[in-house]
Amino acid sequence: MAQQFPEIIPRLQTFVDAQHVFFVGTAARDGRVNVSPKGLDSLRILGPNRVVWLNGTGSGNETAAHLLDVPRMTIMFCSFDTKPLILRLYGTARALHFGDPEWDELLPLFPPMQGARNIFDLDVDLVQTSCGFGVPLMDFQAERETMAQWAAKKGDEKIVAYQQENNRVSIDGFPTGLPAR
């Protein structure tokens, strides 16, 4: 049975801290809805109503573009290996980029990530759980090393060039807020 909370309570924070993957959903007023899986050690709960997560360079930058238009975000976690549970965090979010004042404050909360592109800061206004009975049981094997290997092979200058070419506009043509560098 679904439950709702105005904040992330301690037992739900413990659940979040144990997850290896989460899913982020955003949408602009027009265009496509975006749902992205995220992993690595890239999410931090900073308080009962604040979550930040570090985003690496990818083929698109839809989340940042959507937040400039409509700042709502949902983050979803699923239990794949223990008691069934789905947890959703709803709220308003903003994207931070290299050069923003909070970037240097928040980046040290995460392990180093070559090609770090955005930090998303979510103000949580609703926490909801649901059963998760239909979510399959799966075993975690390991984090993929592909992203770190890709970034290391490309190097910092080529990563910035890639971001400038591929991440400044969404697939729907919306600006992402990624600054020129």
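User: How do the residues lining the largest cavity divide into nonpolar, polar and charged?
Analyst: This is a predicted model, where local features need pLDDT of at least 70, side-chain atom pairs count only at pLDDT 80 or more, and totals for chains, interfaces and linings use all residues. Residues are numbered from 1 along each chain as its sequence is written, and side-chain values use heavy atoms, with hydrogens and water left out. The cavity (grid points, 1 Å grid over the protein atoms alone, where a 1.4 Å probe fits but cannot get out) has a lining (an atom within 4 Å of a point) of His97, Phe98, Trp103, Ala116, Arg117, Gln163, Leu178, Pro179 and Arg181. Taking Ala, Val, Leu, Ile, Met, Phe, Trp, Tyr, Cys and Pro as nonpolar, Asp, Glu, Lys and Arg as charged, and the others, Gly among them, as polar, you get 5 nonpolar, 2 polar and 2 charged.

User: How much space lies in that largest cavity?
Analyst: There's 1 cavity of 30 Å³ or more here. With volume as the space filled by probe spheres set on the points, joined across faces, edges and corners, the largest cavity comes to about 40 Å³.

User: Which residues are the closest to the centre of the largest pocket?
Analyst: The largest pocket (an open set of points with protein on both sides within 12 Å along at least five of seven lines) holds about 970 Å³. Its lining takes in 37 residues, and the closest to the centre are Val21, Pro37, Lys38, Gly39 and Leu40.

User: And how does the lining of the largest pocket divide by class?
Analyst: Elements giving it two or more residues are β3 (33-38), β5 (50-56), α2 (62-69) and α4; these are DSSP runs numbered from the N terminus, helices (H or I) of at least four residues and strands (E) of at least two. By class, the lining has 14 nonpolar, 16 polar and 7 charged.

User: How many charged residues are in the contact of α4 with α5?
Analyst: Helices α4 (146-154) and α5 (156-166) pack at about 105° with axes 6 Å apart (lines fitted to C-alpha atoms over the stretch in contact, angles 0 to 180 degrees between N-to-C directions). That makes them roughly perpendicular (65 to 115 degrees; under 35 is roughly parallel, over 145 roughly antiparallel, the rest oblique). The contact (heavy atoms within 4.5 Å) involves Trp150, Ala151 and Lys154 of α4 plus Asp156, Lys158, Ile159 and Tyr162 of α5. Its residues include 4 nonpolar and no polar ones, and the charged count is 3.

User: How far apart in space are Ala148 and Gln114?
Analyst: Ala148 belongs to helix α4 and counts as exposed, at 52% relative accessibility. Although 34 residues separate Ala148 and Gln114 in sequence, their C-alpha distance is 6.9 Å.

User: What is the relative accessible area of Phe120?
Analyst: Phe120 is in strand β8 (116-130). Leaving aside neighbours within four places in sequence, its contacts include Val51, Trp53, Leu67, Met73 and Arg94. Phe120 is buried, and its relative accessible area is 0%.

User: Which elements do the buried residues of α2 pack against?
Analyst: In α2, 6 of the 8 residues are buried, so the helix is largely enclosed by the rest of the structure. The buried set is Glu62, Thr63, Ala64, Ala65, His66 and Leu67. They pack against β2 (22-27), β3, β5, β6 (72-78), β7 (86-96) and β8.

Key. Buried means under 20% relative accessible area, exposed over 50%, partly exposed in between (1.4 Å probe, protein chains only).
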